Amino acid sequence: MEDLTDWVPYEKREYTPLGPKDAEVIKRTDIHSAKNYSPYPFVVDAAKGFWLYNMDGHRAVDLLSAYSAVLKHKHQGVIDAVNNELKFGADLVSRALYTRAYADFVEKVCEVTGYDNVLPKSDGGSITDSAVSALFMHGFERGIDEPEVILTTDYFHGRTLTFAANAVFDPDQYYGRYGKVKGVKVVDHNLEAISNAINENTIGIYIETHKGEGGPLFSNKEEFLAIRKLAKEKNIFFGADEIQTGLGRCGYLMAWQEYGKEARPDFVTLGKALGGGIIPVSALVGTEKFMNIYKPGIDGSTHGGYPLACAAACASLKYIIEEDICKTSLELGEYFTKQLNDIPGIKAENRGLLIRLEIEGVETAKPACYEMLLGKHRDPRIFMKYGHKNYARIAPPPGAINKDTIDWLMDKTLRNVLLYAREGPKLPRLISKKIL
Ligand SMILES: Cc1ncc(COP(=O)(O)O)c(C=O)c1O
């Protein structure tokens, strides 16, 4: 139980770097870096398993590995595969030549996802942009002069002009004030709005299977299937962005698989975990019908499909399957969510090990997230991300944790911080009334 002597609510506390070395790195960074992020003042100097280590001898459990590792940090198999390619394979080779590593990559991605073809890129935004371009190209091929693609408000596909200009995620983004990218239609995320937006120029619908950034928020089977069916009936393409939800995170290799075969999109975008937490790799996978739009020169990038990235992705996919990451995500996700829901004032919902936590009675989960990572004497420290409203996202590396880890995190840090995040100022009263 928290020490209530001189207790200060989290939102009134000041959180500073945990030591002078972190402070020095932060200072150097802030002088020269563009201020396009506002990171927690914690400097990651090394990572292993579920741990992130800072410069000053502190460490924190990574509950936001949705950005990188579904396996674990520094997975030896992935490191070996990349080292091997580095030592014995080709150096950076453009797609002007064939490489063995690229052949392995496309074969493996198609084997694992069940799609026919792959387009490789490095970061997520480049591949989601490619997906929208491919839809436009299909439109032109069908003889539509001004093809339209439907996206949904508040769902995230990256920060390229296509998405920023149309304020898909963030209405305050600068580009949106200048002008929109023609043909990108952004509507509310529901069947009715999507259905109303379809006209004779519509060529496709592209949505996240579950919303990751700002949430997570989860789709429901009926609506997802209805959107899929609608696209089929209207003879337009249906694509799912699984950059955050795919590759075992939600308990399936692609989260849409939870809804059965009939949910299968025409194309899917993958990223983040595809690079094994080591190298940025993204990919657009699709049916032959969708992918046949690609002709030489139509899309591409220097690092898309370069040998080191291919080696990382092949190893990542191999271990995701061998280590049964989907099963672990499903089992541990249920277990973790149940424990969180047992805390008064906390509501949790999950798909596998992608969990949304809501702290009732507060406007934002930000102070609680800061307290977990930077609060005095917190042990273990925990890194997780606050989202919109009072949400926080929990996404531990499935390959590195087990039920004991969850129990330990609950007992030592989570239960305490979350209880007090909601009821902080009222706690002494509740305790004296023996409500807690
Ligand atoms: C669903 C989804 N799509 C696309 C992206 C963009 O990826 P990147 O940040 O690598 O450009 C993200 C990143 O968070 C994402 O979650």
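## After helix α9

Asp324 follows helix α9 and has a positive phi, near 50 degrees. This is a predicted model.

## Helix α9

Helix α9 covers residues 307-322.

## The nonpolar core

The largest nonpolar core holds 118 residues. Ala283, Ala312, Leu357 and Ile382 have the most contacts inside this core. Helix α9 gives the core its largest share, eleven residues. Domain 1 (1-37 + 329-385) and domain 2 (76-322) each supply at least three residues to the core. In soluble globular proteins, nonpolar side chains tend to be buried together.

Take Ile382. Setting aside neighbours within four places in sequence, Ile382 is in contact with Ala60, Val61, Leu63, Met372, Leu373, Leu409, Thr413 and Leu414.

## The whole chain

The protein chain has 13 helices and 15 strands. Its C-alpha trace spans about 75 × 55 × 45 Å along the principal axes. A compact globule of 436 residues would have a radius of gyration near 22 Å. The protein chain has 23 Å, which agrees.

Buried residues make up 48% of the 436 residues. Among contacts in the protein chain with a separation of 6 or more, 73% join residues 24 or more positions apart.

Methods:
Residues are numbered from 1 along each chain as its sequence is written. This is a predicted model: local features need pLDDT of at least 70, side-chain atom pairs count only at pLDDT 80 or more; totals for chains, interfaces and linings use all residues. A nonpolar core is a set of buried Ala, Val, Leu, Ile, Met, Phe, Trp, Tyr and Cys residues joined through C-beta atoms within 7 Å. A residue is buried if 20 or more other C-beta atoms lie within 10 Å of its own, exposed if 12 or fewer, and partly exposed in between; C-beta atoms are placed from the backbone. Helices (H or I, at least four residues) and strands (E, at least two) are DSSP runs, numbered from the N terminus. Domain bounds come from an automatic or database domain assignment. Two residues are in contact if their C-beta atoms, placed from the backbone, lie within 7 Å. The radius of gyration is taken over C-alpha atoms; the globule rule is 2.2 Å times the number of residues to the power 0.38.
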